[in-house]
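Open the model in a viewer and keep the selection panel at hand. The stops below go from pockets to a cavity, then to a helix and the strands.

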Amino acid sequence: MGDYRRIADRIADDIATGRLRPGQRLPPQRAFARRRGIASSTAGRVYSELVRRGLVVGEVGRGTFVRAGPTGPTGQALAEPGPADAPVNLELNYPSAPGQPELLAPVLAPLLRPDVLAEALLPAAATGTQGAREAAAALLATPGWRPAPDRLLFTGNARQAIAAVLASLVRPGGRVGVEPLTYPLVKEIAARLGITLVPLAGDAAGLLPEAVAAAHRTAPLSALYVQPTLHNPTSLTTSRTRRLQLAQLLHHLNLPIVEDRIWSFLHGSGERHGAGDPLAAHAPALAHVVDGLSKRVAPGLTVGFLVVPPQRVATVADAVRSGGWNAGRFALEAAVRWAAEGTVARLVEAKRADAVRRQRILAEELAGFAVRSDPRAYFAWWELPSPWRADTFTAAAAAHGIAVTPGSAFAVAPGHAPDAVRLGLASASEGDLRRALRMLARVAARRGTGL
């Protein structure tokens with residue numbers, strides 16, 4: 001039992017001294033066992049021990065790689081230590097506008113009156129109330145689209161809305177087309193529902209219609225799941241021409257689509273040529289629009305919105321009820337009041353301005369690096385300089401008290417994780433954001449020149 005630990009200790013020493021460098025690939029376990037004259041099972045224990053210690057990371061189909069070490073091959077630190085007591089989380093991405101609690105509190109006060117509270121604590125149906133449907137329809141409207149209130153349904157949050165729609169559209173074993181990089185929780189939802197996600201190619205204008213058609217010919221797709229406006233993590237917004245092409249294809253294939261618009265409120269009301277309008281504006285009989293208040297308002301007291309085709313309201317409402325995904329009545333009442341009194345609109349304007357400021361900080365601190373983002377977005381996609389790998393860079397960032405999300409979290413196809421990280425810009429203070437980005441730039445630059 002102790003033999004494998006002693007071997008692991010020697011490998012750990014090689015990592016600590018720089019003989020094995022961050023990002024370097026270890027031999028396959030069988031080759032390692034032959035070189036060391038040990039059993040394959042012992043080699044497996046060595047690698048498992050190194051993973052347990054956080055010294056290496058294993059990637060299915062790619063191998064085992066050394067995580068970030070404390071020094072480079074010459075003994076020079078790869079980056080200056082960050083303050084251990086001041087972590088900066090660029091994984092979380094919940095925007096908060098200045099003065100947000102003061103804006104939200106007055107609307108909640110009337111709900112605490114006993115007579116009003118008694119009503120607000122009753123269960124809420126998926127269809128909500130007439131007032132809630134009308135308020136949500138106004139909130140979700142764009143210059144080229146306004147949903148009919150009778151097509152609105154409500155869930156506890158946008159994630160539950162996605163789960164309810166997919167459960168209503170796709171049977172276990174069914175296939176759903178998605179962008180190659182997608183919202184990580186969609187992967188979890190699909191796994192729980194027994195759904196296979198099929199990555200579909202795209203370009204700078206959005207998802208390629210021919211990729212959808214080809215996948216559907218291979219084996220029929222049950223639906224698509226897409227984020228056409230400010231796609232997470234790349235910030236891409238699908239062009240209006242591409243939206244029209246996709247809508248035409250959807251009609252031809254009679255293929256339902258789930259459109260996630262959780263970040264679309266940042267796109268603004270001045271979308272050029274209708275590029276910010278949902279696909280529901282062009283394919284109302286097939287598009288299921290998902291949105292929510294977690295980003296517009298706050299994650300703790302939120303509501304998810306669903307706009308569904310007229311003929312599917314009852315079916316999707318049944319899925320919401322059977323999944324236990326109904327919105328809380330108190331949250332729904334608060335949302336209606338926040339929307340009606342203009343609180344949501346004021347928060348949206350404040351957060352749009354905040355996102356622009358944070359994007360300026362990003363541009364200043366990561367100038368010269370391959371960073372993709374929209375100047376209105378609250379996140380960015382950083383394609384790391386060679387020879388950085390996403391997992392080793394994530395570990396190096398964590399060593400300096402900074403959390404980022406590796407590309408593997410978004411990649412749909414196993415073994416095809418890009419060497420990139422997503423930076424969430426919303427949750428940290430502007431000062432902490434600047435400090436963290438500056439440190440990440442130093443880490444990336446020193447790693448690139450240290451080998």
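Start with the largest pocket of this predicted model. The pocket volume is about 520 Å³. By class, the lining holds eleven nonpolar, seven polar and six charged residues.

Some terms for this stop: a pocket is an open set of points on a 1 Å grid over the protein atoms alone, with protein on both sides within 12 Å along at least five of seven lines, and a lining residue has an atom within 4 Å of a point. Grid points are joined across faces, edges and corners, and a volume is the space filled by probe spheres set on the points. Ala, Val, Leu, Ile, Met, Phe, Trp, Tyr, Cys and Pro count as nonpolar, Asp, Glu, Lys and Arg as charged, and the others, Gly among them, as polar. Helices (H or I, at least four residues) and strands (E, at least two) are DSSP runs, numbered from the N terminus.

Residues are numbered from 1 along each chain as its sequence is written. Local features need pLDDT of at least 70 and side-chain atom pairs count only at pLDDT 80 or more, while totals for chains, interfaces and linings use all residues; side-chain values use heavy atoms, with hydrogens and water left out.

Next, select Leu 139, Ala 141, Arg 296, Val 348 and Arg 352. These lie nearest the centre of the second largest pocket, which has 21 lining residues. Helix 6 (130–140), helix 12 (329–340) and helix 13 each give two or more residues to that lining, and helix 13 gives the most, with five. The space in this pocket is about 380 Å³, and its lining divides into twelve nonpolar, four polar and five charged residues.

Two cavities (sets of points where a 1.4 Å probe fits but cannot get out) of 30 Å³ or more are present. The largest cavity has a volume of about 60 Å³. Select its lining: Ala 132, Ala 135, Ala 136, Leu 139, Phe 154, Phe 305, Leu 332, Ala 335, Val 336 and Ala 339. Helix 6 and helix 12 are the elements giving two or more residues here. Ten nonpolar residues make up this lining, with no polar and no charged ones.

Select helix 13 (residues 343–365) next. Its end C-alpha atoms are 33 Å apart, which agrees with the 33 Å that its 23 residues should span at 1.5 Å a residue, the expected span being 1.5 Å times one less than the number of residues. Buried residues (under 20% relative accessible area, 1.4 Å probe, protein chains only) in helix 13 include Val 344, Leu 347, Lys 351, Asp 354 and Arg 358.

Move to strand 5 (residues 175–178). Four bridges join strand 5 to the parallel strand 6 (residues 196–199), and Arg 175 stands opposite Thr 196. Two strands pair if DSSP finds at least two bridges between them. Strand 5 also pairs with strand 9 (residues 223–226) in the parallel sense, over three bridges, where Gly 177 has Leu 224 as its bridge partner.

End at the open sheet of four strands, with antiparallel pairing and the order 13-14-17-16. Strand 13 (370–372) and strand 16 (405–406) are its edges.

Methods. Buried means under 20% relative accessible area, exposed over 50%, partly exposed in between (1.4 Å probe, protein chains only).
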